[in-house]
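Here's a quick tour for anyone opening this structure for the first time. Have a look at it below, then read on.

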Amino acid sequence: MAKISVSTLAKKKQAGEKITSLTAYDASFAKLFADNGVDAVLVGDSLGMVLQGSDDTLAVSIEDIAYHTRCVRAGSRDLFVIADMPFMTYNTVAASCENAAKLMRAGANMVKVEGGEWLHDSIRALTQQGVPVCGHLGLTPQSVHVFGGFKIQGRDQAQAQKMIADAQALEQAGAQLLVLECIPSALAKAITDAVSIPTIGIGAGNQTDGQILVMHDLVGISAGYIPKFSKNFLAETGNMPAAVQKFCEDVKSGAFPGPDHEFN
Ligand SMILES: Nc1nc(=O)c2c([nH]1)NC[C@@H]1CN(c3ccc(C(=O)N[C@@H](CCC(=O)O)C(=O)O)cc3)CN21
Ligand SMILES: CC(C)C(=O)C(=O)O
Ligand SMILES: [Mg+2]
């Protein structure tokens with residue numbers, strides 16, 4: 001497969017082709033995903049939950065993400081690798097740059113930060129210094145204790161308007177990609193239409209420019225439970241490469257996520 005870059009992703013939005021993405025934390029899965037049609041992988045701080053067994057993502061360190069980014073990069077030179085900036089590692093512009101550098105040196109192609117317009121200065125500094133940035137709005141798990149649980153966001157009109165404005169502010173600051181997590185499908189579509197950068201949804205309906213899932217949910221081995229918006233693709237295919245291919249196929253056709261896997 002040809003090497004994916006930020007321009008490949010931007011072109012996919014323009015062409016109306018869906019972007020497929022999964023989380024990855026090691027070389028073997030990175031290679032499996034690269035070989036079976038996944039456009040981008042995220043070294044997510046979800047590793048705090050699915051790898052480390054915590055109840056949330058807050059204990060994950062920059063060293064944890066750097067280590068797993070090196071593992072993922074070793075699995076495929078050609079993968080587009082996004083790495084999560086962990087909780088409180090981008091609270092100032094200086095911290096953002098120092099910590100993003102660790103992830104880029106570990107092999108990331110882009111870093112992801114959770115939040116809205118208040119990240120403007122950090123995102124501008126990062127992109128000016130050569131670090132591509134992905135934004136993340138909606139149910140941003142690092143704020144789970146502010147939200148009072150992993151709850152759907154953007155349900156009321158004022159919240160929805162604010163989220164659209166935040167998405168535009170992120171683009172203005174220089175973000176080149178945007179993850180939308182656990183928001184009503186209509187809001188995800190409104191945000192996707194309001195920005196020119198590609199949006200990647202999780203629990204946000206099928207009208208975003210792409211989809212991402214936590215890889216453990218795709219194969220049905222998350223500790224305890226699978227979120228309502230996720231789907232076990234291994235159950236219907238029987239082997240890992242086929243599960244990854246089916247996920248990509250269903251994302252591209254718009255079959256996933258269907259009505260059972262979205263919020264209204
Ligand atoms: N395995 C796994 N999958 C994920 O998608 C995921 C993680 N871990 N860890 C990091 C975050 C946390 N995420 C979560 C966790 C729980 C819900 C959840 O309980 N959602 C409820 C809806 C609650 C509501 O209606 O407000 C659900 O029924 O899915 C959602 C996202 C998404 N991310
Ligand atoms: C759920 C995705 C978007 C994420 O941020 C993660 O895996 O950490
Ligand atoms: Mg994350």
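## Strand β8 and its partners

Strand β7 (residues 199-202) runs parallel to β8, and 2 bridges join the two. Strands here are DSSP runs of E at least two residues long, helices are runs of H or I at least four long, and both are numbered from the N terminus. Two strands pair if DSSP finds at least two bridges between them. One spot to look at is G201, whose bridge partner in β8 is Q211.

β8 also runs parallel to β1 (residues 19-23), joined by 4 bridges. There, I19 has G210 as its bridge partner in β8. Within β8 (residues 210-213), G210 and I212 point one way while Q211 and L213 point the other, and all are buried. Buried means 20 or more other C-beta atoms within 10 Å of the residue's own, exposed means 12 or fewer, partly exposed is in between, and C-beta atoms are placed from the backbone.

## Before going further

This is a predicted model, where local features need pLDDT of at least 70 and side-chain atom pairs count only at pLDDT 80 or more, while totals for chains, interfaces and linings use all residues. Residues are numbered from 1 along each chain as its sequence is written, and chains are lettered from A and ligands numbered from 1 in the order in which they are written.

## The recorded binding site

Which residues does UniProt place under "binding site"? The unreviewed entry gives D45, S46, D84 and K112. They span 68 residues in sequence, but no two of their C-alpha atoms are more than 12.6 Å apart, so they gather at one spot. Such annotations may be inferred rather than shown by experiment.

D45 sits in the loop between β2 (40-43) and α3, and it counts as buried because it has 27 C-beta neighbours inside 10 Å. Beyond its neighbours within four places in sequence, D45 is in contact (C-beta atoms, placed from the backbone, within 7 Å) with T57, V60, I65, D84 and P86. S46 is in the loop between β2 and α3, and is buried with 22 other C-beta atoms within 10 Å.

## Around the ligands

Of the 18 residues around ligand 1, S46, F150, K151, V214 and K228 come nearest; being near takes a C-beta atom, placed from the backbone, within 6 Å. α3 (47-50) and α10 (215-218) each supply at least two residues of that shell.

The residues around ligand 2 include D45, S46, D84, I212 and V214.

Terms used
Contact = placed C-beta atoms within 7 Å.
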